[in-house]
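I opened this entry to look up a few items in the structure and note them in order.

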Amino acid sequence: MLDPKLIQELINRAKAAYEQAYVPYSHYPVGSAALFSSGKIYSGCNVENASYGLTVCAERNAIFQAIARGERELKAIVIAVPSDVFPSPCGACRQVIREFAVDCPVILMNGQGHLRWTSLKVLLPEAFGPEFL
Ligand SMILES: O=c1ccn([C@H]2C[C@H](O)[C@@H](CO)O2)c(=O)[nH]1
């Protein structure tokens, strides 16, 4: 189980990440913090582009930071937004999470600081993953 202090740290890091979001087009900042098997936390924000389709979501930016540092096993991920409605990871991000976790807690946080706990298996049932290949 996840230590409540660790969850709080993930939340703090996800909130700090959305403060750095580069969102001149959507004005929808997202921050994410991912816990990997080493015990380290990696964070990321969404980064948009004038060529809109090149935007990269907060979740993928957090995960890719971790992978570049040698991590491979995702243990939990927090996704935070400053707005009222809970966030929900896009399909691409669900599949990227699946690459590094068969299942893991996905903790969603809105701008009031309310949490909604879900899991990768709920968000992406019957998923295709690396062990199929
Ligand atoms: O889970 C999500 C959903 C959306 N976005 C970003 C992409 C884009 O910058 C903006 C609006 O889609 O929000 C994320 O970073 N993560």
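**Helix 1**

The model is predicted.

I then listed the buried residues of helix 1, which are Leu10, Arg13, Ala14, Ala17 and Tyr18. They sit on the same side of helix 1 because they cover an arc of only 135° around the axis. An α-helix has 3.6 residues a turn, so residues three or four places apart point the same way.

I looked up what covers these buried residues and found that the cover includes strand 1 (31-36), strand 2 (41-45), helix 2 (58-68), strand 3 (74-80) and strand 4 (105-109).

For the length, I noted that helix 1 spans residues 4-18 and reaches 21 Å from its first C-alpha to its last, close to the 21 Å expected at 1.5 Å a residue.

**Isoleucine 77**

I picked isoleucine 77, which lies in strand 3. Is it buried or exposed? Isoleucine 77 is buried, because 29 other C-beta atoms lie within 10 Å, and the cut-off for buried is 20 or more.

Leaving aside neighbours within four places in sequence, I found isoleucine 77 in contact with Ser32, Ala34, Glu59, Ile97, Cys104 and Val106. I also checked serine 43: it is 34 residues from isoleucine 77 in sequence and 9.4 Å away in space, C-alpha to C-alpha.

**Ligand and record**

I counted 15 residues around the ligand, the closest being Ser26, Val30, Asn46, Cys57 and Ala58. By class, I have 10 nonpolar, 3 polar and 2 charged residues in this shell.

In UniProt, an unreviewed entry lists residues 5-131 as "domain: CMP/dCMP-type deaminase". I noted 31% helix and 22% strand for residues 5-131, with the end C-alpha atoms 33 Å apart.

Technical notes:
Residues are numbered from 1 along each chain as its sequence is written. This is a predicted model: local features need pLDDT of at least 70, side-chain atom pairs count only at pLDDT 80 or more; totals for chains, interfaces and linings use all residues. UniProt positions are given in the numbering used here, feature names are shortened, and annotations may be inferred rather than shown by experiment. Helices (H or I, at least four residues) and strands (E, at least two) are DSSP runs, numbered from the N terminus. A residue is near a molecule or strand if its C-beta atom, placed from the backbone, lies within 6 Å of it. Ala, Val, Leu, Ile, Met, Phe, Trp, Tyr, Cys and Pro count as nonpolar, Asp, Glu, Lys and Arg as charged, and the others, Gly among them, as polar. The expected span of a helix is 1.5 Å times one less than its number of residues. A residue is buried if 20 or more other C-beta atoms lie within 10 Å of its own, exposed if 12 or fewer, and partly exposed in between; C-beta atoms are placed from the backbone. The arc is that of the directions from the helix axis to the C-beta atoms. Two residues are in contact if their C-beta atoms, placed from the backbone, lie within 7 Å.
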